[in-house]
Each structure stands twice: as C-alpha cells, then as structure tokens.
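Please keep the structure in view while reading.

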Amino acid sequence: MRMRKKRHGSERLLALSALLYPDPGETAADPASVFGNGNPLVLEVGCGKGEFIAKLSLAEPEKNYIALERISDVAVVAVEKYARSRGLGDLAPNGGWLAPDGKLYRGGEAWEIPHELRGNVRFLVADAADFSAKVPDSSVAAILANFSDPWPGKGDSRRRLTSPAFLENYRRILAKDGIFRFKTDNDGLFDYTLETLPENGFRILWTTRDLHASERAASNIVTEYERNFTEKGVKIKMLEAAPVKSWSEGTVETKKST
Ligand SMILES: C[S@@+](CC[C@H](N)C(=O)[O-])C[C@H]1O[C@@H](n2cnc3c(N)ncnc32)[C@H](O)[C@@H]1O
C-alpha cells in the first residue's frame with residue numbers, strides 16, 4: 001500500500017499505544033494476558049487501514065483479534081479508525097488524542113486506556129512472517145488475509161502472503177479446527193494460492209470467483225481495497241482452507257472457530 005508519510009505518525013501511534021499488541025522479543029506475548037480472557041484468537045495479516053477488523057470485531061465479539069500491518073503510517077490509520085469505532089475519542093492537533101471524557105493527550109503523550117474500554121482488537125506494526133514465527137503451535141483459530149499485495153513478478157513470489165514459507169507458519173500456528181480465509185481481486189494470486197495451499201498442507205474447503213454473487217455476500221464485510229475494486233467492476237475471489245494436521249500435532253481449546 002502506498003501512503004504519504006503521516007504527519008505526527010509516531011506521536012499518533014504512541015497516543016493509542018494501549019491498543020497495540022506487545023512485541024516483547026523472541027516469543028509472542030500470551031494473548032490471554034493481553035486480552036484478559038482465553039477467547040479464540042484470530043490473526044489478520046496485512047490489515048491496511050483497518051475497516052474490516054473494526055467491523056468484524058464488533059460482529060464477532062466472542063473472539064480476540066491481532067491485526068498485523070507492516071507499515072506504521074498505515075497501521076496508525078487502522079488504530080485510529082478502531083478507536084473511533086469504539087467511541088474512544090478522536091485525533092487532536094499535533095498528533096494528540098482527545099478522549100471521550102474531554103481529556104486531551106498532547107502529541108507525545110500516551111493514553112493508558114482502561115482495560116475494559118480496549119475491546120477485542122490489538123494492532124501490531126510487524127511483518128507477518130516475523131510475527132507468525134513467534135506464535136506457539138496450534139494456538140490460532142483463524143488467519144485472515146484480505147487483498148494481499150500480488151507481487152506478480154516471478155522473482156517476488158516469496159513475498160506473497162500465500163507463498164510456501166508463510167503457509168508453513170500458518171499451518172503450524174493454526175489449531176486443528178482452524179481456518180485460513182483469503183480474499184483477493186487478483187486472478188493470478190488467487191490461482192497461485194489455490195495451488196500453494198494443497199502443496200503446503202491445507203485442504204481447500206470453499207471457493208468462489210464472485211463473492212458478491214455468492215451465498216456469502218450477505219455476511220461479507222467489505223474491506224477498503226474490496227470497495228475500490230468492486231467499484232471498478234472487478235469480481236472478488238475468496239477461499240477458505242483448513243490445515244491438515246495429524247493427531248500428534250495437538251490442538252487447543254477454542255470456543256468456536258471463525
Ligand atoms: C493491498 S493492501 C490491503 C489492505 C486491506 N487488507 C484491505 O483489504 O483493504 C495490503 C496490505 O498488507 C500489508 N502487508 C503486505 N505484506 C505484509 C507483511 N508481510 N506483513 C504485514 N503486512 C503486510 C501492506 O502494507 C498493505 O497495507
């Protein structure tokens with residue numbers, strides 16, 4: 001995603017840093033301690049400006065969500081959108097934040113948002129490859145990838161979020177009853193993903209080449225990119241896949257998969 005450098009980007013991210021997932025180092029922080037409950041964990045890779053996760057997390061509140069975005073100037077838009085959608089105030093001048101009780105956090109100050117107001121999403125400015133490598137085996141209920149960059153050049157294929165190295169990690173961290181869900185505008189990336197998933201230990205459960213005309217249209221949450229492509233008349237492709245796991249690979253208790 002191309003984005004002009006945000007003014008006061010780092011101050012803006014700092015103001016809402018209570019909504020960021022802690023990234024302590026070699027292993028991922030324990031989600032139960034971050035969210036204060038053991039609800040099923042959903043990972044969105046490449047959340048962009050965050051409209052999708054803000055809406056999904058309200059529609060399915062019984063889950064916890066980590067939204068990963070590697071560009072911090074994009075992530076800041078997502079965090080602010082989420083905060084606004086939860087009634088947590090609005091942006092103030094110079095990278096500050098105006099809380100709903102009228103208190104102003106000036107640029108460079110962090111608002112220690114009360115735990116009960118933080119909701120069920122945390123954002124992380126990180127590369128999906130780096131973060132997923134730190135996540136324990138079989139601990140994630142769902143991984144969602146929406147409108148990933150297609151990287152059409154052959155030499156760039158390993159950057160695709162559905163290339164073998166990514167899928168290997170997704171398969172490892174997904175619970176036995178976990179789900180990988182993928183939407184794209186791009187036929188080439190869709191075909192590539194339909195090929196790479198079975199080659200890397202996934203079973204394809206469902207596909208469509210016209211999501212908005214499918215039985216899933218009514219429940220579909222439209223992303224920013226999806227809206228743009230749909231307005232241009234591009235049909236949206238979607239698939240769902242499950243990791244193929246042996247019994248010895250263990251499973252985690254998830255209340256319900258996505
Ligand atoms: C084309 S945009 C789609 C954004 C959003 N999902 C949507 O549908 O509107 C892809 C996003 O994924 C992010 N991204 C690409 N590769 C990534 C990676 N390896 N880890 C984390 N984010 C990544 C990009 O920075 C970009 O914001």
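On one side of helix α7, the residues G188, D191, E195, P198 and E199 are exposed. Helices (H or I, at least four residues) and strands (E, at least two) are DSSP runs, numbered from the N terminus. The buried residues of α7 are L189, F190, T193 and L197. Viewed down the helix axis, these buried residues fall within an arc of 100 degrees, so they line one face of the helix; the arc is that of the directions from the axis to the C-beta atoms.

The buried residues of α7 pack against α6 (164-173), β8 (174-184), β9 (202-208) and β10 (237-243). Contact here requires C-beta atoms, placed from the backbone, to lie within 7 Å. After α7 comes G201, whose phi is positive, near 85 degrees.

## Basis of the model

This is a predicted model, in which local features need pLDDT of at least 70 and side-chain atom pairs count only at pLDDT 80 or more, while totals for chains, interfaces and linings use all residues. Residues are numbered from 1 along each chain as its sequence is written.

## The enclosed strand β6

Five of the five residues of strand β6 (residues 121-125) are buried, so this strand is largely enclosed by the rest of the structure. V121, F123 and V125 point one way from β6, whereas R122 and L124 point the other way. In a regular strand the side chains alternate between the two faces of the sheet.

Strand β2 (residues 64-69) pairs with β6 in the parallel sense over five bridges; two strands pair if DSSP finds at least two bridges between them. Within this pairing, F123 of β6 is the bridge partner of A67.

## Residue L91

L91 lies in strand β3 (residues 90-92). This residue has 17 other C-beta atoms within 10 Å and is therefore partly exposed. Leaving aside residues up to four places away in sequence, L91 touches R12, E80 and W97.

## The chain as a whole

The secondary structure of the chain comes to eight helices and ten strands. Buried residues make up 41% of its 258 residues. Among contacts between residues at least 6 apart in sequence, 78% join residues at least 24 apart.

Notes. Buried ≥ 20, exposed ≤ 12 C-beta atoms within 10 Å, placed from the backbone. Contact = placed C-beta atoms within 7 Å.
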